[in-house]
Amino acid sequence: MKDFSATRLRFTLNGRAVATLVDPMLRLADLLRDHLHLTGTKIGCNAGDCGACTVLLDGCQVCACLIPAGQIAGRAVVTVEGLAEDGRLSALQAAFLRHGAAQCGICTPGMLMAAADLLAHQPHPDEAAVKDALGGVLCRCTGYRKIVEAVLDAAGGNAAAPALADADGVGARAEKSDGAAKITGSEAFGADRRPPAPFLSLRVIRSPYPHARFTLGATAALMAAHPGLVRVLTAADIPRNLFGIYPTGKDQPVLAEGYVRYRGEAVLALLGDAETLAEIAERDLPLHWEPLPPVTFADAATPEASQLHPHAPGNVLCRGRVVAGDVAQGLAAGAARAAIAITTSFVEHAYIEPEAGYARRVGDRVEIFACTQTPYMDRDELAGILGLRPDQVRVIPSAVGGGFGGKLDLSLQPLLCVAAWLTGQPVRQIYTRPESMAATTKRHPARIQAEAAADAQGRLTAFRFDGDFNTGAYASWGPTVAGRVPVHAMGPYRVPHVAAHATALYTNDPPAGAFRGFGVPQAALATEALMDQLADALGADRLDFRRENALRPGDRTATGQVLGAGAALVACLEALRPRWRALRDDAARRNEASGGPERFGVGIACMWYGIGNTGMSNPSEMVIGVTPAGRVTLFSGAVDIGQGSNTILRQIAAEALGVPAAAIDLVTGDTDLTRDAGKTSASRQTFVSGNAARLAAEALRAAILREANAAPEAGLTFRDGAIVIAHDGIETRLTPAAMVADAEGLVLRGEGRFDPPTTALDDDGQGVPYASYAFAAQIAAVAVDTALGTTRVERIVAAHEVGRAINPTLVEGQIHGGIAQGLGLALMEEYVPGRTENLHDYLIPTVGDVPPIEVILIEEADPLGPFGAKGVGEPALVATAPAIFNAIADATGVRPTTAPCTPDRLLALLHANTSKTAR
Amino acid sequence: MGLYLRPETLSDALSALAAGRYTVLSGATDHFPARVLATPAEDILDISGLAELTAIRIDAEGIWIPARATWAAVHAAGLPAFAGALVAASREIGGQQVQNAATVVGNLCNASPAADGIPPLLALDAEVELARLGARRRLPVAEFVLGNRRTARAPDELVLGLHIPRPARPARSVFEKLGARAYLVISIVMVALAAEYLPDGRIAALRAAVGACASRALRLPALEAALLGRHPDPALVTAEHLAPLHPIDDVRASAAYRHAAALTLLRRAVANLGAPEGRPS
Ligand SMILES: Cc1cc2nc3c(=O)[nH]c(=O)nc-3n(C[C@@H](O)[C@@H](O)[C@H](O)COP(=O)(O)OP(=O)(O)OC[C@H]3O[C@@H](n4cnc5c(N)ncnc54)[C@H](O)[C@@H]3O)c2cc1C
Ligand code: FES
Ligand code: FES
């Protein structure tokens with residue numbers, strides 16, 4: 001990096017005059033964050049693509065990452081920190097809070113500033129104007145709907161404000177417990193907290209080749225040429241250079257040892273000051289590469305393919321299967337039979353926060369502050385890499401700017417910890433956007449062949465599924481995908497004869513890991529296409545056909561599990577039926593009227609999703625207690641990645657304890673302060689940790705009542721440092737200050753542990769893989785421009801069976817966000833290593849791409865769920881892409897088989913179809 | 001350490017260019033994204049302080065778009081209908097953050113094959129005014145843009161702005177952009193058409209340009225000729241008119257698709273030229 005001699009700069013910042021000495025080519029975003037310590041302005045890409053850095057310059061929105069400091073001389077800059085008036089939230093901020101418009105909150109400052117520009121120039125905008133104003137800010141969490149509502153609401157009540165909750169317990173639309181921090185810019189994400197000075201920066205050198213051998217020469221010359229370069233870490237510096245998610249599947253080196261298996265694999269780590277590290281050119285590194293032919297998904301399973309891992313002959317990481325009945329017999333028995341082949345692409349999580357954090361050594365321990373979805377797994381894995389005991393590692397999760405599965409794997413943590421451990425100095429790293437995209441995991445591309453049959457009465461008789469999943473260079477969560485897919489492949493339907501197989505194959509692509517749905521969204525594309533094909537073949541209505549076959553309470557699944565109450569797919573379909581009819585009629589009418597190339601279509605898809613790990617223990621433990629000051633504190637190891645678990649766990653604990661949620665303080669994540677709540681994935685935190693929180697709160701309530709000798713129905717109030725217990729018309733007071741605190745500083749406590757009751761699956765996939773399943777059905781209405789192959793989703797109607805909506809606003813937010821990701825998967829998202837490592841070549845939906853979404857919540861209490869609740873995080877996404885694909889088929893008569901269904905792919909299909917019919 | 005100059009007068013800027021090699025910096029929206037991973041050593045001439053190159057002028061001759069005019073300024077300038085293509089493009093360049101900082105001239109000088117500004121400028125027959133110390137010259141846009149990120153600008157020259165001539169007859173222009181999502185998207189294909197009309201509504205002159213289908217945006221002379229003297233009719237546009245294009249396959253679309261999409265967009269643009277709301281002014 002080249003810097004420029006500092007010049008004196010005067011400008012106005014949030015209404016105050018600022019004078020500073022600064023490099024005129026410093027980006028305004030860096031000036032604000034690094035020099036003026038205003039970290040509310042976020043950096044998601046440094047390239048203008050995400051809008052997270054949006055600020056106002058002379059009242060107009062601009063990307064702070066694209067403005068050189070020299071250009072703000074004499075001008076006025078307003079950041080998110082300048083929005084609040086006299087310490088009170090602005091009307092816009094308050095509307096964001098009310099509507100649940102901030103999930104993870106990393107895009108929120110940018111959204112707020114873009115909206116502030118709009119409202120200042122156009123106080124009463126319509127929805128189109130709001131979208132135009134927010135079009136340059138990407139959000140990966142919310143699906144934008146609640147953001148648009150919030151802006152319209154702030155502009156004067158154009159959008160219905162949600163009824164403000166008078167209570168904040170279970171079922172209330174309570175404000176997010178961490179919402180205020182997210183809309184004022186005070187939330188600390190991975191890059192927002194600096195390590196104590198002096199600290200070292202870390203830069204990773206990554207492989208430019210997907211498959212290569214390399215040798216490393218002497219580093220002395222490099223060190224001599226760059227005095228600021230303190231140390232070069234190589235594989236030899238890593239105490240135990242192997243990690244991975246599964247205890248038996250550790251196959252990934254922290255730093256490659258002479259051999260790389262994917263483009264972007266870490267090879268060296270440079271330590272020094274940030275300026276020095278930035279100026280070192282890759283060509284000056286003593287690395288000598290010998291590229292090898294890469295193993296691709298197309299050829300990984302062929303006998304000629306190179307073998308990437310010694311433990312994986314045929315490049316097979318693992319296989320999963322579920323077999324029930326006799327599928328050949330079932331297929332033969334069908335009156336109608338259908339087959340489909342589907343391929344899908346790598347999908348990037350594209351959370352707006354690139355990985356960031358720092359580690360430091362404290363005595364014989366190492367502490368890491370970074371974004372993560374799974375602090376305890378990180379702790380144990382890092383201890384393994386460092387050769388330390390787990391209690392020597394402390395993981396302090398930062399606020400997480402989006403995860404979606406992508407922050408379940410270790411990314412920058414191992415090198416930061418090793419570097420801090422070896423040097424004794426704090427070490428910091430912030431991934432660039434291209435680095436984040438090149439280095440971290442993706443959704444598995446799939447190659448699926450599936451077949452199904454139904455009898456003349458429209459009952460499914462058989463389902464066969466064979467799916468290959470490209471797991472990339474390393475195992476990561478590949479085994480989870482291979483295990484989960486066969487269980488879900490046949491969809492939420494009763495099928496007597498099933499054979500479902502999934503294979504995870506190693507290739508020289510980036511590691512595919514966990515991504516919302518673990519392979520199930522890919523499988524559902526095939527399953528739901530088959531359902532339409534069979535319904536059509538039998539002349540049945542597509543909704544009716546699904547309803548006829550829907551799993552109901554008491555039905556036996558393909559794994560032999562008998563479903564309990566709460567399997568309410570039928571209720572979802574019935575809730576959709578009126579909209580299904582109306583939207584289909586509407587499409588038919590418009591098709592008749594349209595003389596042009598636009599065709600309209602409506603698609604439906606169902607899904608089911610097992611909550612928690614597949615046939616494996618996945619407990620959560622929570623502690624709740626009363627401090628001597630008389631406050632209730634919930635110690636939760638569950639990381640809130642924006643989905644709202646902090647809020648929901650507090651609501652559950654409050655309900656169980658019998659107090660308002662506001663009476664409960666939260667301590668979250670820190671592995672020194674909380675118990676292991678398991679990972680934030682598999683849609684498990686509400687169901688599993690929610691139960692643990694409920695049990696803990698019930699235990700605390702019992703302890704308090706015991707102490708006060710009060711009856712079970714007594715009322716609790718925490719007031720002025722006392723616990724007031726009202727029972728039988730009298731009040732008993734407990735004085736925590738006078739009680740003896742335990743080692744954790746609690747005078748009264750409750751603990752809860754919940755592990756969903758499941759069994760391991762046998763060789764045929766038989767057993768009880770999940771204690772609870774979520775069900776959903778979605779309708780997509782699309783308009784296809786058949787001359788350009790473009791698809792516009794006009795509306796989604798989503799009926800989700802959620803057990804109990806602990807907080808309906810947050811549940812809707814999850815569903816909106818999942819649908820936006822499903823839409824991206826269906827229509828635009830395709831990660832190509834080396835070619836789409838940024839947010840302008842890799843496209844995710846913008847505010848203009850997400851249509852109106854109608855959410856219908858079905859609440860059939862799950863007997864095992866906390867207050868009946870189950871998870872919704874992944875279920876939100878699974879049905880969307882299949883519903884869109886089915887809608888495209890409905891509109892055009894051609895069936896997309898490759899995701900994403902980009903304009904060029906769809907146009908090619910349409911042309912092929914016309915030339916076929918012409919012949 | 002690099003030099004950073006932010007002159008306040010044109011003559012200071014030109015003197016600097018005469019004396020040394022500078023990277024010209026304007027709205028920085030192409031500059032910074034090209035430097036995410038590494039920043040080359042360079043001296044910077046930041047022209048954002050040149051107040052004299054800010055105001056858009058509309059007069060009998062036509063329109064003057066000076067170097068510092070942003071896309072947002074173009075949108076707000078109330079340009080006459082004959083420049084409609086440029087106005088339409090101004091709302092499709094990135095998001096509003098980008099439109100508020102990015103300049104039309106920067107878009108042209110960056111000379112990306114996918115620059116949305118260039119087809120409208122070609123269709124509007126714009127001329128580029130360049131200056132070096134003591135000398136000025138004008139070049140048609142078609143001669144200024146030489147290829148992918150190559151222009152006819154000499155290192156010591158600054159682009160002062162763009163002249164868009166006012167057509168002699170009633171005229172209007174249209175712009176069609178195709179991308180794979182609603183906002184903030186690099187074009188797969190875009191087309192711009194500018195027509196002058198005879199009193200009976202037939203076309204007296206036409207310029208058609210297509211972007212993202214070759215290393216630079218291109219005019220389509222055969223199409224222009226085919227429409228001459230005719231009422232705007234999409235059926236007049238044929239695949240043969242696209243012969244000059246040679247699109248590539250990339251992550252956004254296949255070459256074959258670009259061809260097909262360009263044809264469709266051109267037909268739609270021609271239809272728009274004849275649409276009632278588009279009566280020439
Ligand atoms: C997120 C994002 C989205 C975008 N979307 C689009 C889009 O949809 N369509 C599109 O076409 N573009 C898009 N762009 C690019 C667009 O913003 C630029 O092309 C812009 O118009 C360039 O203007 P600038 O003032 O920012 O130029 P700068 O970045 O300052 O300069 C661009 C180039 O032009 C040169 N230059 C600038 N002015 C002069 C001058 N007066 N004389 C000589 N040389 C000069 C510079 O040296 C540099 O090489 C996008 C950019 C971003 C960041
Ligand atoms: S950080 Fe500026 S736009 Fe992404
Ligand atoms: S809330 Fe918008 S990116 Fe997370």
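## A buried ring pair

Keep in mind that this is a predicted model. A:Tyr358 belongs to strand β15 (residues 356–362) of chain A and A:Phe369 to strand β16 (residues 365–370) of chain A, so the pair ties together parts 11 residues apart in sequence.

Over all chains, a search of the whole structure turns up 12 aromatic pairs. One of them is also tilted: A:Trp477 and A:Phe518 have ring centres 5.9 Å apart and planes at 55°. A:Trp477 is buried, with a relative accessible area of 3%, and A:Phe518 is buried too, at 2%.

There's a cluster as well: ring pairs link up A:Trp608, A:Tyr770, A:Tyr773 and A:Phe775.

## Where the chains meet

How many residues of chain B are in contact with chain A? The count is 47, and they touch 57 residues of chain A. Together the two chains bury about 4,100 Å², with carbon and sulfur atoms giving 64% of that. In chain B, the residues that lose the most area to chain A are B:Gln97, B:Arg181 and B:Tyr183, together 19% of what that side buries.

The rule finds two salt bridges across this interface. B:Arg252 and A:Asp841 meet in a salt bridge through their side chains, at 2.6 Å from N to O. You'll also find 21 residue pairs in polar contact across the interface of chain B and chain A.

Notes
Residues are numbered from 1 along each chain as its sequence is written. Chains are lettered from A and ligands numbered from 1 in the order in which they are written. This is a predicted model: local features need pLDDT of at least 70, side-chain atom pairs count only at pLDDT 80 or more; totals for chains, interfaces and linings use all residues. Side-chain values use heavy atoms; hydrogens and water are left out. Contact means heavy atoms within 4.5 Å. Buried area is the accessible area (1.4 Å probe) that two parts lose on being put together, summed over both. A salt bridge is a side-chain nitrogen of Lys or Arg within 4 Å of a carboxyl oxygen of Asp or Glu. A polar contact is a pair of N or O atoms within 3.5 Å; within protein, one must be able to donate a hydrogen and the other to accept it, and residues adjacent in sequence count only if both atoms are side-chain atoms. Rings of Phe, Tyr and Trp (its six-membered ring) pair if their centres lie within 6.5 Å; planes under 30 degrees apart count as stacked, over 60 as edge-to-face and the rest as tilted. Helices (H or I, at least four residues) and strands (E, at least two) are DSSP runs, numbered from the N terminus. Buried means under 20% relative accessible area, exposed over 50%, partly exposed in between (1.4 Å probe, protein chains only).
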